Amino acid sequence: MNILQITNYECASASANDNTGINRVVTALSTYFVQVGDTCFNAYFNANSRGLSEVFSAGLQLALPLNEDELRSFLTTNQIDRIVINVSNIEYIRVIPTINKIAHTCHAKTIYCFHFMPGFEECSYTAFSLLYYNLTHKGKVIDSFRKWLITISRPISSKIIRAVIRKRYAQPLETSDKVVVFSQEYVKQYLNIARSTRDDKFVVVHNPLPFKDYINKEELQHKEKEVIIVGRLYEPTKRISYALRVWRMIEKNPLLSDWKLTIIGEGISGGYYKWLIHKYHLKNVVLAGRQDPQPYYKKASILLSISSHESWPMVIMESMPQGVIPGVFNSYAATSEIIDHNKNGIIVPDNDLYAMYESLADLMQNHDKRLQMGAAAIEKAKSFDMTIIGELWRKDTLQAPSD
């Protein structure tokens with residue numbers, strides 16, 4: 001089978017430093033497809049300084065407006081059977097109907113992979129403290145004010161946003177042969193936004209682990225008293241201010257004084273987090289900047305994920321094979337499909353900071369429980385192995401949809 005992966009950015013390696021999260025998954029899946037005998041290609045709207053991964057036989061840079069003849073020629077020349085559309089920017093989503101039209105004239109089937117939680121657009125979070133910080137530090141006042149208004153005016157703002165985004169969801173669903181989402185609950189959410197009943201077009205398949213790297217029992221024994229956060233420092237999505245408020249409670253507990261919090265990543269909210277760390281007088285918090293997260297996964301005991309929403313968070317997936325125990329808010333449906341509460345991770349009600357503190361404090365004071373849950377996290381991660389997920393893609397997703 002000849003498969004074309006269409007992405008925002010050119011697909012380089014599966015490394016976190018070379019690609020976006022979406023591209024890491026696309027590259028990892030394509031690597032598996034090639035290993036089992038398929039041929040993969042990459043069409044992209046933006047070049048990557050790292051260049052095209054060698055797993056792809058050829059690449060094509062697309063532009064707006066779309067050059068239909070060029071795309072049609074590429075599909076014909078390379079005898080493309082399946083097109084997987086992984087774009088996320090709104091300007092590229094708008095051309096999906098055109099891509100589908102061209103594909104069908106070339107006898108290719110199309111699969112639109114929706115890499116987000118349906119309705120994520122209405123979930124941005126901004127506290128008044130971020131607005132105040134931007135006002136006093138010459139930050140992005142207008143943007144933070146707009147997101148703060150959205151935050152305090154729910155559910156009215158949610159209804160308005162849903163009306164605006166409805167077409168963005170409906171068009172790919174109407175024109176693609178299949179639509180992939182990561183959770184069964186996401187099918188209902190997607191259909192609700194699109195105002196559609198076409199549940200027959202959906203395939204539910206989880207994201208795979210992009211690599212095989214599991215720590216052993218001896219390494220698990222030597223975990224450090226460290227909690228990590230990995231991700232872009234962007235408050236409206238990642239809500240790291242929540243984590244700092246939880247950590248303020250932890251630092252007030254003398255039994256937890258030997259624990260530290262390390263935040264790995266960079267982004268426009270970094271200055272705001274430095275300000276909060278100073279405001280809360282936090283001593284055991286490190287802003288590590290952009291780093292390869294793998295060494296941190298190997299030594300850390302707990303991963304804290306407090307996002308306002310996620311689709312299928314790769315940081316949780318990548319940390320669990322290293323025996324890292326995820327602690328998350330129940331802010332998106334996929335949490336219960338990745339984590340079994342109190343077995344291989346912790347799930348607490350969304351926005352309940354004290355419940356998160358209590359769960360973390362209990363875990364941080366119980367070494368045997370951490371060992372047990374860390375081992376269970378490793379086992380859970382194996383259910384998302386590339387061989388398992390890759391075969392689900394080949395048998396359930398890439399197979400020919402009904403005409």
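Is Asn344 counted as buried or exposed, and at what relative accessibility? Asn344 counts as buried, at 2% relative accessibility (buried is under 20% relative accessible area, exposed over 50%, partly exposed in between, with a 1.4 Å probe and protein chains only). This is a predicted model, where local features need pLDDT of at least 70, side-chain atom pairs count only at pLDDT 80 or more, and totals for chains, interfaces and linings use all residues. Residues are numbered from 1 along each chain as its sequence is written, and side-chain values use heavy atoms, with hydrogens and water left out.

**Around Asn344**
- You'll find Asn344 in the loop between helix 15 (335-338) and strand 13 (helices are DSSP runs of H or I, at least four residues, and strands runs of E, at least two, numbered from the N terminus).
- A polar atom of the Asn344 side chain sits 2.8 Å from the backbone nitrogen of Asp340.
- Beyond its neighbours within four places in sequence, Asn344 is in contact (heavy atoms within 4.5 Å) with residues including Met320, Ile338, Met373 and Lys380.

- Seven strands make an open sheet with parallel pairing, in the order 3-2-1-4-5-6-7 (strands pair if DSSP finds at least two bridges between them).
- Strand 3 (59-61) and strand 7 (202-204) are at the edges with a single partner strand each, so one side of each has no neighbour in the sheet.
- Strand 1 (residues 2-9) runs parallel to strand 4 (residues 82-85), joined by 4 bridges, and Ile6 stands opposite Ile85 in strand 4.

**Helix 16**
- Buried residues of helix 16 include Leu353, Met356, Tyr357 and Leu360.
- Among the elements covering them are strand 8 (226-230), helix 11 (240-251) and helix 17 (367-381).

Definitions and conventions:
A polar contact is a pair of N or O atoms within 3.5 Å; within protein, one must be able to donate a hydrogen and the other to accept it, and residues adjacent in sequence count only if both atoms are side-chain atoms.
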